Amino acid sequence: MAILETRKLKKYYGSGDTAVKALDGVNLSVEEGEFVAIVGTSGSGKSTLLHMIGGLDRPTSGTVKVAGKDIFLLKNDALTIFRRRKIGFVFQSYNLVPVLDVYENIVLPLELDGGRIDMKHIDAIIRTLGLSEKTKSLPNQLSGGQQQRVAIARALASKPAIILADEPTGNLDSKTSVDVLGLLKVTSEKFRQTMVMITHNEEIAQMADRIIRIEDGKIAGDRYVQGE
């Protein structure tokens, strides 16, 4: 089952001859449980695509369906709620709340949504990501790799339909990057979690199940990694 679908997705800035076509008719389908890496050079449109998939920006035209819902038919308030419940985000800059400890950061989206906290699920995430000894620590007491693990745990906490990771290892050294990507892959498999990751790093992309290449706002390649 496709958990994510885009059809004829376009994002233009400006108009006429000077229009910048950040996305120019992207058709994409991601199956439930897939770990997909989207690669491309700077300015290729990969980050714009992630923002559209995540409902962070509206397209010029085209559709994005997440878990069967056409997200851009939703009004802003409804889209915010849908995004909080169905889409998890992992950013390069972690985006942790500095005055909250690790556990509080992980469950914050659930508390904002007023939802019930599934303690068994949260405990499983914390154990899987090796954070059991750090739940009372503040973000500034953690290494970069540990902070990114907290961000991954927070994204997983609400059992979203899809997790979007935007250059998740951009602020980490090479060894920590490999560790964090390994954990992303493990959590994807353990929790049957669909993940779409943006990266410019070809080595990191090889850890995904499938690599999609974006060039000039269009899909220029789409291949599966396993078995090659």
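Helices (H or I, at least four residues) and strands (E, at least two) are DSSP runs, numbered from the N terminus. The model is a predicted one, in which local features need pLDDT of at least 70 and side-chain atom pairs count only at pLDDT 80 or more, while totals for chains, interfaces and linings use all residues. Residues are numbered from 1 along each chain as its sequence is written, and side-chain values use heavy atoms, with hydrogens and water left out.

**Exercise 1. Loop residues with positive phi**

Task: Locate Tyr 94 and Asn 95, and state what their phi values are.

Solution.
- Step 1. Tyr 94 is placed in the loop between β6 and α3, and Asn 95 lies in the loop between β6 and α3 as well.
- Step 2. Tyr 94 is not a glycine, yet its phi is positive, about 70°. Asn 95, also a residue other than glycine, has a positive phi near 60°.
- Step 3. For accessibility, buried means under 20% relative accessible area, exposed over 50%, and partly exposed in between (1.4 Å probe, protein chains only). Tyr 94 is buried because its relative accessible area is 10%. Asn 95, at 42%, counts as partly exposed.

**Exercise 2. The sheet**

Task: Give the strand order of the six-stranded open sheet and explain why one side of β6 and of β10 is left without a neighbour in the sheet.

Solution.
- Step 1. Two strands pair if DSSP finds at least two bridges between them. The order is β6-β7-β8-β3-β9-β10, and the pairing is mixed.
- Step 2. β6 (87-91) and β10 (218-224) are at the edges and each has a single partner strand, so one side of each lacks a neighbour in the sheet.
- Step 3. Ignoring direction, neighbouring strands are turned by 20° against each other on average. Axes here are lines fitted to C-alpha atoms, for helices over the stretch in contact, and angles run from 0 to 180 degrees between N-to-C directions.
- Step 4. β6 and β7 are parallel, with five bridges; Phe 89 stands opposite Leu 164 in β7.
- Step 5. Contact means heavy atoms within 4.5 Å. Helix α5 packs on the sheet and touches β6 and β7, its direction making about 170° with that of β6.

**Exercise 3. Strand β8**

Task: Describe the pairing of β8 with β3 and with β7, and sort its side chains by direction.

Solution.
- Step 1. β3 and β8 pair in the parallel sense over five bridges. Within this pairing, Thr 199 in β8 is the bridge partner of Val 39.
- Step 2. β7 and β8 are also parallel, over four bridges, and Met 195 in β8 is the bridge partner of Ile 163.
- Step 3. In a regular strand the side chains alternate between the two faces of the sheet. In β8, Met 195, Met 197 and Thr 199 point one way, whereas Val 196 and Ile 198 point the other way. Five of the five residues of β8 are buried.
- Step 4. β7, α6 and β8 form a right-handed β-α-β unit. Right-handed is meant as follows: with the strands pointing away from the viewer, the path from the first strand over the helix to the second runs clockwise.

**Exercise 4. The aromatic pair**

Task: How many aromatic pairs does a search of the whole structure find, and are the rings of Phe 89 and Phe 91 stacked or edge-to-face?

Solution.
- Step 1. Rings of Phe, Tyr and Trp (its six-membered ring) pair if their centres lie within 6.5 Å; planes under 30 degrees apart count as stacked, over 60 as edge-to-face and the rest as tilted.
- Step 2. The search finds one pair. The ring centres of Phe 89 and Phe 91 are 5.6 Å apart and the planes are at 5°, so the pair is stacked.
- Step 3. Phe 89 is buried at 16% relative accessibility, and Phe 91 is partly exposed at 24%.

**Exercise 5. The nonpolar cores**

Task: Which residues have the most contacts inside the largest nonpolar core, and which element gives the most to this core?

Solution.
- Step 1. A nonpolar core is a set of buried Ala, Val, Leu, Ile, Met, Phe, Trp, Tyr and Cys residues joined through side-chain atoms within 4.5 Å.
- Step 2. The largest has 39 residues, and Ile 106, Leu 129 and Met 197 have the most contacts inside it.
- Step 3. Elements giving two or more residues include α3 (102-113), α5 (144-157) and β8 (195-199). α5 gives the most, with seven residues.
- Step 4. Another core, of 29 residues, lies apart from this one; among its residues are Leu 79, Phe 82, Ile 87 and Ala 161.
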